[in-house]
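Reader: I'm new to this and I'd like to go through a protein model with someone. Could you show me the sequence and structure, and then let me ask away?

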Amino acid sequence: MKNRQLLLPLLGLFALGTSLTAEARAAAEAARTADTTVFALLDLTRPGLERVDSLHAAGNDPEAARALLAYYRSRTGVRCPEVNLDSVTLSPDEQRWADEALEHRFFVHTGYQPSYFYGDDIDWQYWPVRDNELRWQLHRMKWWVPMGKAYRLSGDERYAKEWCAEYLDWIRKNPLGPYDESSIGDWNRADNVYFAWRPLEVSDRLEFQIHQFLYFLPAEAFDGEFLLQFLRNYHRHAQHILSHFSASGNHLLFQAQRLLFAGAFFPEFRDAVHWRSTGVGILNREIEKQVYDDGMQYELDPHYHLESINIFFKALRMMDANGYRGEFPASYLATVERMIDVHLNCLYPDYTTPLFSDNREQDKAHLLASYAEWLEVFPDNDFIRYCATRGRQGARPDYLSRAFRTSGFYVLRNGWDTESTVMILKAGPQAFWHCQPDNGTFELWHRGRNFFPDSGCYVYAGDREVNDQRAWFRQTRVHNTLTLDGRNLDATDSKCLRWETAGPTDILTVENPSYEGLTHRRTVWFVDRRLFVIEDRAEGPAAGSVMLHWNLAEGNPAADAATGTVATRYDDGNNLLMKIFGAERMEPQEGWVSYRYRERSPRPAYVFTRGKKAGETVRMVTVLLPVTEADGHRIELAERRNGLQVKIDGRRYKLK
């Protein structure tokens, strides 16, 4: 039976007990043995490496390793902008993750807390829940940076010793063998190499091993022999990325950015120039390919749009910090700024963003930190300054509503402060894996409450149970849009037919060929920039049940099927009255919303149905009226030859 003591990384850290098996002693000895082949990977002619070069040439590799460590400990002129050693901060959660890691309870994912125990003798293939993310993200070692911070702040060598031990244990138990993702088939039966060496995880480690390197570099546990192991492993990571780039999407962006990081932070490697040039080349190419002319990243997901901004931005920042900024053209910088503009326009006054696609709730503090970094590069952008300073400086835009037509994101707003009303509607082209079949969905935010949060994603992928959970949140009917017989959309290719913001009422019309034989046209009137009227038209030769789905925020609304009304009943006086015209029946449906991974809450949801004959046009009209209290309001609708007339509490609105 294998001994379950951790693999010891370095001679002299702590004595090898007599209870160790011969196998365990051999493994520990192998881990302490310097891999001198790493010297061949370095350009020892670089200034500062003269002593390393001479010692290696003389065959004294142990001393050469110590000289190399001394070089890195005193190296100047190479920076990682993400790490400020003069101002290390450690949150209570990070302290807990660092302490738990000493006991092999590893923080892998925020959706799986408390953290799982991975064994005294670490089992890097342990898979407590068949969610692929849980197994992939184990190999991102998110607890190692907190351990580094804890070491830096406390000087406690336990963190450094344990990190070195875990680092070498991972190398030993996760060898890089033949890698061909096209041959995987069923991920539940995939070999360990496809989890440990998936390029996205490899790229993550390329970035954050830089942080770990900086935090742990002064530690006694970080000696010359360990340095050689570290550098050899790091080089293997970069070379693996070079031959296993993802074909497209944000994964490719992450891989390119982090390969660039490797080349910028470790210029001593002979391959560093190639790593940088490859990363720069991909990012320069992909920023033109993956970003629409309106500034939205083509996955049409607010979360991955923000991630993509920071990928492009952090690459620029790393290169700038180390003297390589000229490798990005001016157009690159302009596109990043355009992407930031999309994000800020799709931001609610409370710094939340729509839960479209696979988005999830963002941490406000992290957002503000990103905005502050953006401001350093774009100091003349008053909108960034306004958001970064929470309105204390800078200026908000001189417009209110905004259309991003190519990507299909439309923002209808009457202000920028917390008393404002904001609707954000998504109706664009076909997108990619993270985008859901939700064309036409929207959220409505009013005075700090999101009355129609989109469904979120809940989970990504795994075994059948996990995939079924993801599939539920992806259904078209759990978004605020129209379906035929409750089915998922057949097609997504929405076009904007009308966008008017000059008068007192903003108007938007979008149209999508949703099903074979059925086109869905949605028109939104933001009447006096105070209330909303939505007309949904289903036309074409298809027949069946046209279903309008409204999914509300958590609460206990009053619903009246006879009149087609739903009224929220919040005690704070911030409520919404909804009335639907044209439906034949109204029924409750199952409702859930997920703001964070693996977290979900029940919510009220309703479906309004009307039968459609072949060739018939079906129309349903919804009025959304923000109110203090729902009682006492009267909403009427009349059809006119050239539009609609809505009468609310005696006041008429003619809508064309």
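Reader: How many charged residues does the lining of the second largest pocket have?

Author: This is a predicted model, so, as a heads-up, local features need pLDDT of at least 70 and side-chain atom pairs count only at pLDDT 80 or more, while totals for chains, interfaces and linings use all residues. Residues are numbered from 1 along each chain as its sequence is written, and side-chain values use heavy atoms, with hydrogens and water left out. Ala, Val, Leu, Ile, Met, Phe, Trp, Tyr, Cys and Pro count as nonpolar, Asp, Glu, Lys and Arg as charged, and the others, Gly among them, as polar. Sorted that way, the lining has 11 nonpolar residues, 3 polar ones and, to get to your question, 5 charged.

Reader: Which helix gives the most to the lining of that second largest pocket?

Author: On a 1 Å grid over the protein atoms alone, a pocket is an open set of points with protein on both sides within 12 Å along at least five of seven lines, a cavity is a set where a 1.4 Å probe fits but cannot get out, and lining residues have an atom within 4 Å of a point. Helices (H or I, at least four residues) and strands (E, at least two) are DSSP runs, numbered from the N terminus. Both α3 (61-74) and α9 (199-216) supply at least two lining residues each. The top giver, with 3 residues, is α3.

Reader: How much space lies in the largest cavity?

Author: Cavities of 30 Å³ or more come to 4 here. Grid points are joined across faces, edges and corners, and a volume is the space filled by probe spheres set on the points. For the largest cavity that gives about 70 Å³.

Reader: Why is β4 said to be largely enclosed by the rest of the structure?

Author: Buried means under 20% relative accessible area, exposed over 50%, and partly exposed in between (1.4 Å probe, protein chains only). F409, V411 and R413 point one way from β4, Y410 and L412 point the other way, and all are buried. So β4 counts as largely enclosed because the buried share of its residues is 5 of the 5.

Reader: Which residue in β4 does A403 stand opposite?

Author: β3 and β4 pair in the antiparallel sense over 3 bridges. They form a hairpin with 4 residues between them, and G408 in the turn has a positive phi of about 85°. Across from A403 stands Y410.

Reader: Last one: is K149 buried or exposed?

Author: K149 is found in helix α6 (residues 144-154). Leaving out residues up to four places away in sequence, K149 touches V88, T89, L90, E94 and Y215, where contact means heavy atoms within 4.5 Å. With a relative accessible area of 14%, K149 is buried.

Conventions. Two strands pair if DSSP finds at least two bridges between them.
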